[in-house]
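Please read them alongside the coordinates.

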Amino acid sequence: MTSTATRPRGARARAAITAKTLRTDRWWFAPLITVIGLGAWVAYATVRVFMHDHYWVDAYHYLTPFYSPCVTDSCVEQASHFGRFLPGWWIIPDAALTLPFLLLFRLTCYYYRKAYYRSFWLSPPACAVPDGHKEYGGETRFPLLGQNLHRYFFYAAAIISLINTWDAILAFHSPKGFGFGLGNLVLLLNVVMLWAYTISCHSCRHIIGGRLKHFSKHPVRYRAWTVVSALNVRHMQLAWITLGTLALTDFYVLALSAGWFNDLRFIN
């Protein structure tokens, strides 16, 4: 090795090791769990979206968020709040009006980008672990250049959250009028978590208070900014929680619609 005395001035010494990384912990565990978790959720959601069945419980007006709003001509009329104007081909999701925007909102989310960059693309898989690619171009080329559209997909996600909220309100129904059951709690929990994830978005935080020069002159926006900032700290956790609540809500509606068990009713 070149000694410190004989090393050229300005040259940086590098460790003489052949290993790609000296990390001895299970740095591969987090990327692996992410691949398994996201992969399982995508597989389940894909099957359910193209199942075209068991998405509506007529007795209580429960509608799964995977089919909201139902806009193809094969949809149940009661579940089609915005009309049925698309052909009912199996390749077209019944919620084709909303699903593409929800997918793009999540794909371009700052947390999900970190998650699938590290797990599926190995770019890089973990801190102090080499990138799995020979070159790094950042998000400056197509299709990654489209990640900058995230702020616009946020607006669409906010509108879709409003639609899901309306679905949860309409679900307070029974054959005798007003009703309340376990399904209502499941739908409400999902809506609350979806709103928490949506407004905890970095784009939402910037929209509310990112360009304010004097917080004292905008007390209402400052208060909203502090609330969103507090949620933003939990954005990663909320990203995973909402995947869970979406799957739980869909599975519960599926089970009721398929007749696997009955809804636990508290009122009517």
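The points below cover the core, the aromatic pairs, the charges over rings and the cysteines.

1. Basis. This is a predicted model, in which local features need pLDDT of at least 70 and side-chain atom pairs count only at pLDDT 80 or more, while totals for chains, interfaces and linings use all residues. Residues are numbered from 1 along each chain as its sequence is written, and side-chain values use heavy atoms, with hydrogens and water left out.

2. Helices here are DSSP runs of H or I, at least four residues, numbered from the N terminus.

3. Tyr197. Leaving aside residues up to four places away in sequence, Tyr197 touches Phe105, Arg106, Cys109, Tyr112, His235, Leu238, Ala239 and Thr242; contact means heavy atoms within 4.5 Å. Ring pairs also join Tyr197 with Phe105, Tyr111 and Tyr112 in a cluster.

4. Aromatic pairs. The whole structure holds 21 aromatic pairs, counted for Phe, Tyr and Trp (its six-membered ring) with centres within 6.5 Å; planes under 30 degrees apart are stacked, over 60 edge-to-face and the rest tilted. Tyr116 and Tyr117 have ring centres 5.2 Å apart and planes at 90 degrees, so this pair is edge-to-face. Both Tyr116 and Tyr117 are buried (under 20% relative accessible area, 1.4 Å probe, protein chains only).

5. Charges over rings. The charged end of Arg265 sits 3.9 Å from the ring centre of Tyr60, over the ring. Arg26 lies over the face of Phe29, at 4.7 Å from the ring centre. The rule asks for NZ of Lys or CZ of Arg within 6 Å of the centre and within 35 degrees of the ring normal.

6. Helix H6. Its buried residues are Ser203, Cys204, Ile208 and Gly209. They pack against H3, H4, H5 and H7.

7. Cysteines. With sulfur atoms required to be within 2.5 Å, the count is 1 disulfide. Cys70 and Cys75 form it, their sulfurs 2.2 Å apart, and the link is left-handed, at -75 degrees about the S-S bond.

How values were computed:
Buried < 20%, exposed > 50% of the residue type's maximum accessible area, 1.4 Å probe, protein only. Helix = DSSP H or I, 4+ residues; strand = E, 2+ residues; numbered from the N terminus.
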